Amino acid sequence: MSIPYNPETVELSAQKYWEESRCFEVDEDPDKEKYYCLTMFPYPSGKLHMGHVRVFTLNDVIARYHRLQGKHVLQPMGWDAFGMPAENAAIERGIPPAKWTYSNIEDMRGQFKRLGYAYDWTREVTTCRPEYYRWEQWLFTRMFKKGLVYRKNSIVNWDPVDQTVLANEQVIDGRGWRSNALVERREIPQWFMKITDYADELLDELDRMPGWPDSVKTMQRNWIGRSEGVELSFDVAGEDEPLTVYTTRPDTLMGVTYMAVAAEHPLASKSAATNPDVAAFIEDCKKTDAQEATLETMEKKGMPLGISAIHPLTGEEVPLWVANFVLMSYGTGAVMAVPGHDARDWEFAKNHGLPIKQVIAPVDGSDIDINQEVFLERGVLINSGDYDGLDFDGAFNAIADHFEKSGRGSRKVNYRLRDWGVSRQRYWGTPIPIIYCDDCDAVPVPDDQLPVVLPEDVVVKGTGSPLKDMPEFVNAPCPNCGKDARRETDTFDTFVESSWYFARYACPDSDAAMLDDRAHYWTPVDQYTGGIEHAILHLLYSRFFQRVMRDEGLTDVSEPFTNLLTQGMVLKDGSKMSKSKGNTVDPQELIKKFGADTVRLFMMFAAPPEQSLEWSDDGVQGSFRFLKRFWSAVTDHTEKGPVVEMDTNKLNQTQKELRRKTHQTIAKISDDIGRRHSFNTAVAASMELLNAINKLGDDSDLGRAVARESLEAVVVMLSPMVPHICHALWQELGHASALIDQSWPVVDESALELDLVEMVVQVNGKLRARLSVAVDASNEAIEAEALADENVQRFIDGKAVRKVIVVPGRLVSIVV
RNA sequence: GCCGGGGUGGCGGAACUGGUAGACGCGCCGGAUUCAAAAUCCGGUUUCUUCGGAAGUGGGGGUUCGAUUCCCCCCCUCGGCACCA
C-alpha cells in the first residue's frame with residue numbers, strides 16, 4: 001500500500017528545499033533571457049485574504065511556467081506600507097502606525113511563505129522605510145526644478161466637527177464617518193504633478209501596447225479624454241474681463257441661450273455681494289462632498305446672476321447663471337449652454353424655463369421638435385445666419401477661423417485628464433520635501449538633507465496631522481537663506497510610492513541613486529498582474545512616473561508594463577468578501593485543513609482570471625479530492641516498478657490513443673497558460689488526461705511506458721499551480737534532480753496524427769447525423785456520404801437540396 | 001450620471017477565428033465496497049416530450065446555410081470616477 005497524500009509534510013519539505021537551495025534568488029545574467037513577472041504589491045493589512053491568494057497564485061503560475069520554459073525569472077514581493085488603515089488602527093487601538101505596519105508585514109510574510117510562492121525575498125521593498133521614500137522625495141525635487149510640480153488651490157472634503165480632511169471613502173451619504181457631520185467642500189493649497197504635460201504621449205502609446213487588455217486601454221483613453229474644440233470669449237455687460245469658455249461644438253454657437261459659471265467663480269461671488277439669494281445658493285453648493293459621482297447624479301440646480309453676457313456673433317444679451325454642476329477646477333469654470341443640442345443644457349433649460357433654440361438639423365432632412373427631444377447628432381446648420389447649410393467640419397472651421405482672426409478665441413486641444421494632486425493632509429505617508437520660508441516661498445529640500453524622515457513615535461488622534469504639533473519636525477532653516485522656516489506637513493498620496501516600486505525591485509539596496517544598472521537589465525516588467533480596480537489611476541500614474549524617470553535619465557524605458565493581466569474579485573454568495581458582511585473565508589484555516597496546493601488549485605480552477613470568482617467550500621473539497629487522486633495515480637504506478645523504454649511503433653490502438661491525448665493535452669495546456677492565461681481550462685485538461693490514464697488499466701510494459709509518459713507530463717504541467725505535490729511526485733517518479741529545474745514537455749507531432757475524423761451533418765441548421773471520415777477525404781466524397789446518410793435522407797424527405805456547405809474537419813451543412 | 005466588464009444546466013464554468021451548446025469540477029440520483037458510516041470506486045444527470053423529436057446561452061429585434069460568438073434597442077449586475085488601496 002502506498003503512502004497517503006499528506007499535504008503538510010509534502011509542502012513543508014518542498015518549501016524547505018526551495019529555501020535552502022535559494023532557487024528563486026536571481027542575479028543579472030546577461031546570457032539568459034530575463035522574465036520579470038510582477039504582482040501589484042499588497043497593503044500590509046496584517047491578514048492574508050482570498051483576493052491576495054488569487055492574484056499572487058495567478059502570478060506565481062505565470063512565473064513558474066516561464067521558468068520551466070527556460071527563462072531567467074524575477075518575481076519579487078514587497079509592501080505598499082503607507083496609508084489610512086494604519087492611522088485608523090492607531091486611533092482605535094493607540095498603536096503607532098509604524099509599529100502596527102511592521103508587525104503586519106512580519107505576519108503576512110510568513111503567510112505568503114506558507115503558500116509556496118517563488119519569490120526572491122532578497123529584493124523585498126517596504127515603502128514606509130526612509131531608504132525607499134527618500135528617492136521619491138529626491139525625484140519630486142527634480143520635478144520641482146523642471147516645473148513639473150506646482151501648488152494651487154483645490155477642493156477637499158472638510159469635516160467641520162472633526163476639523164479634518166476626509167477621504168472620499170470616509171464620506172458616507174455626504175456625512176463624516178466618525179462625526180456624522182455634513183461634509184463641506186473646502187479649498188486648500190495643494191501640490192500637483194503635471195501629468196497633463198504627458199497626456200498626448202500617454203494616449204498615443206496606448207495604440208502600441210498589444211500586451212494590455214483592450215478594456216483597460218479604452219478606459220485610459222476615455223479618462224485622458226482628448227478633445228478638439230475652440231476656446232472663445234464672451235463679453236460680460238458691465239465687466240472689463242471677458243468670460244472664456246471651451247466648447248467642442250462651436251457649430252452650435254448660435255444656439256447659445258444662456259451661460260453658467262461655477263459657484264466659486266468671481267462673477268458669482270460678485271453677484272452674491274449684492275444678491276442674498278445668490279449668496280445663499282453659493283453657500284448651499286458648498287454643502288456637498290467633492291466626488292464626481294455625487295456631482296453628476298445630484299439635482300442640477302442654478303440661479304440667475306442678473307448679469308448678461310454678450311453673444312460674440314449676434315451681440316444679443318444672454319443671461320448668466322450660477323449652477324452647481326459647473327466646476328471651478330474644470331477648464332475655465334464657465335460653460336456656454338446650448339439646450340437644443342446638449343442633454344444636460346436641455347434638461348436644465350426645461351427645468352428653469354429657459355429658451356431652447358434649434359440650430360442643427362438632421363442630415364437626412366427629417367423634421368425634429370427640439371422642444372420635445374434634444375438633438376445631439378452632428379448635422380447641418382440652420383438659424384445660424386451666414387453659417388446656414390454648413391456641416392459640422394465646415395462650421396467648426398468657419399467659426400474657429402472667425403474667432404482666431406478677431407483675436408477673440410482659438411482652436412484648442414483639451415483633456416479631461418487633470419493634473420495629479422499629490423498632497424494629503426495625513427501623517428502616515430512620505431513627507432513632501434518642501435520648506436516654506438517667508439522670504440523665499442516654497443523651497444525644495446536639498447539632496448544632502450534627504451530623506452526628510454517621518455517621525456515614527458507619535459500619537460494619532462484623528463483630528464489633523466500630528467506632524468503639525470511637532471516643532472522638532474516643523475521647524476527648519478530655509479535652505480536658501482538660512483532664516484527660520486517651516487516644513488511642509490502634508491504627505492504624498494500613496495499612489496506616489498506605487499508608481500515606481502516596480503523599478504526599485506531591480507536594485508532595492510541602491511543607496512547612491514534611485515535606480516542603477518540592474519534596472520536596465522530587468523525593466524520593463526514583462527508580466528504585471530493585479531486587480532481591475534487599478535485599471536486607471538495606479539496604472540496611469542505608473543506610466544507617467546516611468547516617463548518622468550526616463551526624462552531624468554534614470555532609464556530608457558517608457559512603458560513600465562509590457563503585458564497586463566487584470567484579475568477579478570473573490571466573491572462569496574455573490575458579493576465581495578468583507579468583514580462587515582461577515583462572508584469572509586480565512587485562507588489560513590483552509591491551508592491548515594487541505595494544504596496550500598488545494599487552495600491554489602481551487603483558485604485557478606474555479607474561474608478564468610479576469611472574471612470574479614465565486615467562493616465554494618464544496619469546490620475546495622473537489623480540488624482536494626483531485627490532488628488525492630493525482631497522488632495515488634502516481635504512487636500506484638511507481639509501486640509496480642520501473643518501466644521499459646517506449647517503442648512508439650509497437651503501440652496498440654488504446655495505447656496510441658492515450659499517447660495522442662497526452663500530446664494534445666501538452667499542446668493545449670502550453671497554449672492555455674502561455675498565450676491565453678486560461679488556467680481553469682488548463683486544470684480541466686489535466687483532469688481529463690488523468691482520467692484517461694486511470695482508465696487505461698494496461699499493465700503491459702508498453703502500457704505502463706505510455707502511462708508513465710503521461711504522468712510525467714501532468715506532473716510538470718501542473719507544477720506551476722500545485723508546485724509542492726508535483727515536487728514530491730517528481731521525486732516519487734525516480735528523478736534525482738528537482739522539478740523546479742526541469743523543462744516544459746515538448747509536443748511530439750507524430751503522436752497527434754489521426755486517420756479518421758468525426759464530422760457532423762446539419763440539415764437546415766439542425767444536427768442530423770455524425771460521420772466518421774478519412775482525414776484526407778475530398779469535399780465531394782464527404783458531401784456524398786453525408787447526403788447518403790439514412791437520417792439525413794429522412795429530413796431531406798424528397799425536397800430539393802438548395803446548397804451544401806462543407807467545412808473540412810468540422811461539419812456538412814445541407815440547406816433544403 | 002459617465003467610462004469599462006459580466007449575464008450559459010441545480011451551482012462554478014467550457015465552447016479560442018461565426019460551425020456538434022453544456023468540456024472539467026461541484027451538487028444530486030443509482031450502484032459497488034462496509035456490520036454501519038466516512039472515505040474511495042463505477043454509472044447517470046439542460047428542460048419538455050406523443051420517445052419521432054422540440055425548445056434552449058438575461059429580454060426584444062436583425063444579419064447568416066448556421067449566432068453563446070457579429071449589429072441595434074432594453075433589463076439586471078459588478079468595477080472605476082481623481083483622498084480606499
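## Ground rules

The model is predicted: local features need pLDDT of at least 70, side-chain atom pairs count only at pLDDT 80 or more, and totals for chains, interfaces and linings use all residues. Residues are numbered from 1 along each chain as its sequence is written, chains are lettered from A and ligands numbered from 1 in the order in which they are written, and side-chain values use heavy atoms, without hydrogens and water.

## Aromatic pairs

The whole structure holds 38 aromatic pairs. Rings of Phe, Tyr and Trp (its six-membered ring) pair if their centres lie within 6.5 Å; planes under 30 degrees apart are stacked, over 60 edge-to-face, the rest tilted.

F140 and W191 have ring centres 5.8 Å apart and planes at 85°, so this pair is edge-to-face. F140 is in helix α5 and W191 in strand β9, 51 residues apart. Helices (H or I, at least four residues) and strands (E, at least two) are DSSP runs, numbered from the N terminus. F140 is buried, at 0% relative accessible area. W191 is buried too, at 3%. Buried means under 20%, exposed over 50%, partly exposed in between (1.4 Å probe, protein chains only).

## Charges over rings

R64 lies over the face of W18, 4.4 Å from the ring centre. The rule: NZ of Lys or CZ of Arg is within 6 Å of the ring centre and within 35 degrees of the ring normal.

## Residue A334

A334 sits in strand β15. Its relative accessibility is 6%, so A334 counts as buried.
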